[in-house]
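Let's take a walk through this model together, one piece at a time. Have the sequence and the 3D view side by side as you read.

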Amino acid sequence: MSSAEFSRRAFLQTTAAGTAGLALSMAGATRAFAADLTVGIVYVGARDDFGWNQAHAVAAAALKLVPGVKVVEEENVPETDACAKTMESMINLDGAGLILATSFGYYTPFVVDMAKKYPKVEFRHAAPLWNKDKDPINAGSYFGYLNQGHYVDGVAAGLSTTSNKLGFVAAKPIASVLSNINSFMLGARKVNPKASVQVIFTGDWSMPVREAEAASALVDAGCDVITCHVDSPKVVIETAEKRGVKTCGHNASQAPLAPKGFITGAEYKWETIYKGYAADLAAGKKLPNFTAGGIESDMVQNTPFGAGATPAAITAATAAIADLKAKKPIYVGPLKDNKTGKVVIDKTYDNLDPFLDQMNYLLEGVVGSIT
Amino acid sequence: MSTGSPAAGDLSDVAAAVKPPTAPAAGSDFALRLRANSEYVAIPAFALLMAALLFAVFLLAIGKSPIDFVDYVWRGGFGTAFSFQNTLQRSSPLILTALAVAIPARIGLIMIGAEGALVLGGFAAAAIAVPMVGFAPPIVTMPVMVLTAVVVGGVWVGIAGYLRYARGVNETISSLLLTYIGIAIMNFFVEGMMRDASNPNKPSTKPIGDAYMVGKIPGTDVHWGFAVGVLLSIALYFLMTRTTFGFAARVTGGNFRAALAQGLPVGKLIVSCAMIAGGCAGLAGFFEVAAIQGRANASLAAGYGFTGILVSFLARHNPLVVVPIAILFGGLVASGGLIQRRMELPDATVLVLQGLIFVVLLTSETLYGRFAIFNPKKGTDRT
């Protein structure tokens with residue numbers, strides 16, 4: 001189309017022709033469609049950030065090896081209309097049939113709007129936000145319960161510490177972060193009742209300077225194992241390694257950053273979900289709208305043990321992984337918060353229970369405040 | 001203001017001394033003016049070409065085809081109806097934030113605080129709209145939002161202007177620092193008392209709702225912010241070149257002490273220009289909230305205010321030229337995604353190109369007045 005024909009009608013015609021063509025090829029032969037499924041993946045940061053984005057990029061690389069699947073990727077896409085335009089560009093210019101939007105803030109309004117505008121394209125977003133009553137049927141959510149990985153980290157850390165003080169550098173006091181901190185503490189307390197977790201919030205997802213200061217401050221306060229929940233754990237892990245303390249990772253593998261002190265880390269395994277989507281589309285099946293799980297469904301894993309893990313820690317953490325695979329609960333109630341001593345978790349909850357998604361407290365055993 | 005105005009007749013010497021580049025030479029005929037003005041087209045065009053050549057060398061050095069690159073920029077940014085609308089939409093906030101740099105630049109101030117005014121303006125618009133949603137109709141709510149955004153943005157940058165005039169505080173530093181304070185204020189409220197409790201994972205204000213959103217320009221996929229930006233560029237061009245206010249502002253920018261000596265209200269001029277600038281950025285914030293996000297949150301600080309600095313400098317702080325430059329940048333950013341996807345180049349590639357354009361264009365500033373072809377009668381038409 002030349003730029004002279006710049007009208008809504010021409011635009012709609014092209015779009016209609018394109019979607020009709022796509023629909024035809026879908027209806028005509030499932031195999032033909034499967035053979036040229038294009039998956040568009042949108043990242044909010046750099047793909048090699050040693051963190052959230054890298055975890056997705058590792059899965060994208062695995063997806064590329066699936067025959068008949070083409071992957072197009074775009075990094076550093078902000079949570080503004082830029083992400084809507086990127087998704088649209090992937091659909092219009094690359095022919096993407098499945099969009100994976102990996103950053104939290106992409107969902108409302110951008111993924112929802114695009115799903116309404118392009119009903120033939122499937123959209124999946126990496127956070128548990130899809131609402132079956134409100135949101136388009138061609139949109140959906142996928143999510144990993146990373147707190148299970150942090151629980152295993154906690155078990156390993158609890159037996160690798162000598163000071164019984166563990167440090168946690170966290171971004172914002174939101175539900176998923178709080179669950180990771182609480183799970184880390186519960187894991188540590190399970191094997192070492194004397195252990196406590198000290199937390200420092202930096203206030204934002206990516207604040208390298210403050211993250212380094214926080215890690216250093218925790219070491220000064222006597223913590224000898226440091227972990228974190230920030231977008232890119234690189235700075236925290238490197239700082240801790242430099243200060244000579246042990247570390248647990250977050251999001252992706254940080255093992256190469258800490259050859260001396262790395263214990264293990266909580267990692268997403270998005271590959272399981274992405275390959276599942278590709279297989280469903282290849283088989284002509286409707287994609288699930290909601291996919292979530294943890295270690296029990298191979299959506300979360302732990303980084304192989306590093307030099308910082310003691311033999312006892314390795315044994316206990318391996319057992320903890322087996323427990324989680326058997327769906328043994330992490331949150332065994334009643335549990336109290338760390339501020340008022342009030343019971344906030346009244347009973348034992350299943351690991352994927354939605355009640356835990358609403359967490360807005362730190363449990364007893366964590367030193368720190370969310371306000 | 002090429003011929004001077006009667007009201008400011010005494011100032012004609014000063015005016016001539018500080019004549020901005022776009023003003024045609026006084027008293028010359030059309031052909032001479034055309035020749036003189038063509039310098040301002042030819043040199044930037046040459047600079048863009050040089051930047052493109054340098055970038056081609058860069059691409060060849062990393063083993064990629066410059067021809068593919070041009071093809072993808074065209075296809076991703078301009079070549080299809082979708083791409084071009086994508087470009088226009090991306091240029092909309094840049095037009096407004098570039099104006100926020102261009103206007104103070106005319107009075108000799110380098111203000112780089114558009115980001116803060118955008119964030120606070122957008123936040124204020126959302127904050128005032130949220131309690132009005134439900135009982136006040138959109139027709140009432142929207143003007144209130146616009147006004148709030150413009151006033152809050154204006155006051156924010158106005159502070160930097162006032163500090164400059166009254167206390168001699170460097171406006172570049174103060175406007176930049178005010179940006180960080182502005183973002184912190186927004187975060188404070190959005191994460192605190194104004195937080196939407198139903199959204200536990202991304203601190204935001206409550207949504208303003210679809211009925212209160214600004215729509216698209218009919219027949220396009222581009223929101224109204226673009227049209228408003230273009231109209232505002234034209235209006236501000238006239239304000240700065242065809243009115244007494246603009247003339248006085250430029251005199252002040254050219255020679256502060258001369259302006260004082262002439263009795264111009266320098267303080268008012270400086271604060272006004274700063275407030276106009278902040279108003280433009282606040283308006284950009286309004287459109288980010290009312291046309292795109294539907295609520296205020298940390299995504300407002302997306303860096304438009306900082307890209308606007310680049311756009312304004314490349315446009316030589318001319319409000320009219322801001323529009324095409326913003327579209328050029330919008331197109332580069334819009335096509336950046338396609339380039340990443342097809343050529344497997346990192347996201348930073350487009351930044352390399354932007355940087356090259358910036359450096360080459362700034363260097364080309366030294367070429368002005370060096371070519372006889374643009375100055376047919378030296379000494380007579382250029383005072």
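Helices (H or I, at least four residues) and strands (E, at least two) are DSSP runs, numbered from the N terminus.

Before going further, please note that this is a predicted model, in which local features need pLDDT of at least 70 and side-chain atom pairs count only at pLDDT 80 or more, while totals for chains, interfaces and linings use all residues. Residues are numbered from 1 along each chain as its sequence is written, and chains are lettered from A and ligands numbered from 1 in the order in which they are written.

Back to the helix pair. From helix 8 of chain B come Val230(B), Ser233(B), Ile234(B), Leu236(B), Tyr237(B) and Met240(B), and they meet Pro319(B), Leu320(B), Val322(B) and Val323(B) of helix 13 of chain B. Two residues are in contact if their C-beta atoms, placed from the backbone, lie within 7 Å. The residues of this contact between helix 8 and helix 13 of chain B divide into 9 nonpolar, 1 polar and no charged. For these classes, Ala, Val, Leu, Ile, Met, Phe, Trp, Tyr, Cys and Pro count as nonpolar, Asp, Glu, Lys and Arg as charged, and the others, Gly among them, as polar.

Now zoom out to the whole of chain B. Its secondary structure comes to 14 helices and 0 strands. Of its 383 residues, 50% are buried (20 or more other C-beta atoms within 10 Å of a residue's own; 12 or fewer is exposed, in between is partly exposed, with C-beta atoms placed from the backbone). Among contacts in chain B with a separation of 6 or more, 78% link residues 24 or more positions apart.

Chain B is assigned domain 1 (28-64 + 345-383) and domain 2 (85-343), with bounds that come from an automatic or database domain assignment. The C-alpha centres of these two domains of chain B lie 28 Å apart. Where they touch, domain 1 of chain B gives 9 residues and domain 2 of chain B gives 8.

Next, turn to where the two chains meet. Chain B brings 26 residues to this contact and chain A brings 33. On the chain B side, helix 3 (66-77), helix 4 (81-106) and helix 13 each give two or more residues. Helix 4 of chain B has the largest share of that side, with 6 residues. By class, the chain B side holds 9 nonpolar, 12 polar and 5 charged residues.

In chain A, 14 residues of domain 1 are in contact with 18 residues of domain 2. Helix 3 (residues 52-64) of chain A supplies 4 residues, the largest share of the domain 1 side.

What order do the strands of the open sheet in chain A follow? There are 7 strands, in the order 12-10-9-8-6-7-15, and the pairing is mixed; two strands pair if DSSP finds at least two bridges between them. Strand 12 (300-302) and strand 15 (366-367) of chain A stand at the edges with a single partner strand each, so one side of each is left without a neighbour in the sheet.

Within this sheet, strand 9 (residues 246-251) and strand 10 (residues 262-268) of chain A run parallel and are joined by 4 bridges. Thr247(A) has Phe262(A) in strand 10 as its bridge partner. Strand 6 of chain A is joined by 6 bridges to strand 7 (residues 196-201) of chain A, and the two run parallel. Here Gly167(A) has Gln198(A) in strand 7 as its bridge partner. In strand 6 of chain A, 5 of the 6 residues are buried, so this strand is largely enclosed by the rest of the structure.
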